[in-house]
Amino acid sequence: MPETSPFASRRGLLFGAAALSTGALITGCTSNEPKDSDGAASDDKSQQVADDKPGKQVTIGFAGPQADHGWLNAINDNAKERAKKYSDVTLESTEGSNDTAAQIGQVETLINKKVDVLVILPADGKALTQVGLKAMKAGIPVVNLDRVFASPQAYRCWIGGDNYGMGLSAGHYIGEKLKGKKNAKVVELAGLDNLELTKQRSKGFDDALKNYSNIEKVARQAAEFTVESGQQKMSQLLQAQKNFDALWNHDDDQGVGALRAIKQAGRDDFLMVGGAGALSAMQAIESDDSVLKATVLYPPSMAASAIDLARALGQSKGVSGMAEFEIPAFITLYSAVVDKENISKYMSTGFK
């Protein structure tokens with residue numbers, strides 16, 4: 001499951017998930033004095049702009065954790081599918097592992113193969129920091145995906161989601177829906193409480209709710225990002241809280257279990273907002289036959305964008321639409337809310 005970004009306060013460069021999923025990310029030149037065809041300095045960056053046409057061949061090493069969660073499986077799929085789009089990209093992908101020692105060994109193997117660029121979603125950001133530093137010192141730029149290394153020297157670029165922003169988006173969506181209701185009550189079904197990401201999501205949610213004086217959060221339960229735990233903890237919430245107006249569930253996978261508990265209890269007197277953007281949640285929102293009315297994205301399309309960024313690094317290119325000749329150091333994705341009004345736009349991004 002995703003971990004917290006280093007930009008929970010929404011610092012860094014913000015890109016919408018939909019914009020990043022288009023693939024129109026790569027352009028420009030990394031030199032501050034781009035050269036024209038005669039080797040002379042050129043003031044026209046447009047001459048250096050690249051598109052999807054084949055360029056310099058780039059070998060990208062991709063290392064991620066074991067796909068034991070729908071979101072992680074979608075990360076792997078997004079990376080592989082994006083790489084297939086480019087005839088000038090060769091993807092060297094490792095077998096996912098949640099064992100930090102094994103993943104370190106896999107990254108070291110990619111370093112020894114002398115890949116051009118590395119994309120790493122670490123099982124544990126702190127534990128893999130040293131191997132990130134090793135790659136950078138070996139002259140292999142690293143795109144750090146989502147779970148951040150302990151040192152910014154361990155990566156050239158970080159791209160990931162905004163857990164605090166997920167909470168903000170969920171809180172404001174619920175707040176606006178309940179704006180005219182007196183003494184409104186909300187409950188929260190969080191993820192694993194020992195993870196920083198869960199703390200950031202809850203903080204964002206609480207901070208957003210502070211803007212609505214008519215709303216009180218009356219209960220919170222922490223599940224474990226699984227269907228079973230979602231069902232169990234939601235049952236406990238329903239037993240303890242006979243009346244409330246809205247629920248925010250941090251994770252759509254555990255939300256499957258939460259919806260089971262809600263159906264078993266025969267409850268339909270509140271609205272539910274999910275988290276991450278699973279296909280099952282999108283389909284339920286489109287069907288509009290349950291309490292689930294929206295989900296807040298934590299887009300796995302970030303892996304596709306990481307491949308775009310790695311290709312840019314390998315070809316000494318920058319980012320389209322920006323004046324600079326280099327790719328940014330930090331890219332934080334926006335946590336959009338998907339409901340029935342915009343479901344057609346986002347349905348294709350839902351993951352299984």
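Arg-311 lies over the face of Tyr-86, at 4.0 Å from the ring centre, where a charge is said to sit over a ring if NZ of Lys or CZ of Arg is within 6 Å of the ring centre and within 35 degrees of the ring normal. The model discussed here is predicted, and local features need pLDDT of at least 70, side-chain atom pairs count only at pLDDT 80 or more, and totals for chains, interfaces and linings use all residues. Residues are numbered from 1 along each chain as its sequence is written, and side-chain values use heavy atoms, with hydrogens and water left out.

The secondary structure of the chain comes to 11 helices and 15 strands; helices (H or I, at least four residues) and strands (E, at least two) are DSSP runs, numbered from the N terminus. Of the 352 residues of the chain, 55% count as buried, a class that means under 20% relative accessible area, with exposed over 50% and partly exposed in between (1.4 Å probe, protein chains only). Contact means heavy atoms within 4.5 Å, and among contacts between residues at least 6 apart in sequence, 74% join residues at least 24 apart.

Two packed helices are described by the angle between their axes and the distance between the axes. The axes of helix α5 (residues 163-177) and helix α6 (residues 196-209) come within 6 Å and cross at roughly 35 degrees, the axes being lines fitted to C-alpha atoms, for helices over the stretch in contact, with angles that run from 0 to 180 degrees between N-to-C directions. The crossing of α5 and α6 is right-handed, a term used if the near helix is turned clockwise from the far one by less than a right angle, anticlockwise being left-handed. On the α5 side the contact includes Asn-163, Tyr-164, Met-166 and Gly-167, and on the α6 side the residues include Leu-197, Gln-200, Arg-201 and Lys-203. The residues of this contact divide into nine nonpolar, six polar and three charged, where Ala, Val, Leu, Ile, Met, Phe, Trp, Tyr, Cys and Pro count as nonpolar, Asp, Glu, Lys and Arg as charged, and the others, Gly among them, as polar.

A search of the whole structure finds five aromatic pairs; rings of Phe, Tyr and Trp (its six-membered ring) pair if their centres lie within 6.5 Å, and planes under 30 degrees apart count as stacked, over 60 as edge-to-face and the rest as tilted. The rings of Phe-149 and Tyr-155 have their centres 6.5 Å apart and their planes at 35 degrees, so this pair is tilted. Phe-149 is buried, with a relative accessible area of 4%, and Tyr-155 is buried as well, at 8% relative accessibility. Another tilted pair is formed by Phe-244 and Phe-270, at 4.4 Å centre to centre and with 40 degrees between the planes. This pair links distant parts of the chain, with Phe-244 in the loop between α7 (227-240) and β10 (246-249) and Phe-270 in the loop between α8 (252-265) and β11 (271-276), 26 residues apart. Both Phe-244 and Phe-270 are buried. Ring pairs also link Phe-149, Tyr-155 and Phe-330 into a cluster.

Helix α7 holds Gly-230, which is buried, with a relative accessible area of 0%. Leaving aside neighbours within four places in sequence, Gly-230 is in contact with Leu-189, Ala-223, Gln-254, Gly-257 and Ala-258. Gln-231 is likewise found in helix α7, and, with the neighbours within four places again left aside, Gln-231 is in contact with Gly-257, Ala-258, Arg-260, Ala-261 and Gln-264. Gln-231 and Arg-260 are 29 residues apart in sequence and 6.4 Å apart in space, C-alpha to C-alpha.

Some loop residues complete the picture. Asn-183, in the loop between α5 and β8 (184-190), has a positive phi of about 50 degrees although it is not a glycine, and at 67% relative accessibility Asn-183 counts as exposed. Ser-316, in the loop between α10 (302-314) and β13 (318-319), has a phi near 55 degrees, a positive value in a residue other than glycine, and Ser-316 is partly exposed, with a relative accessible area of 33%.
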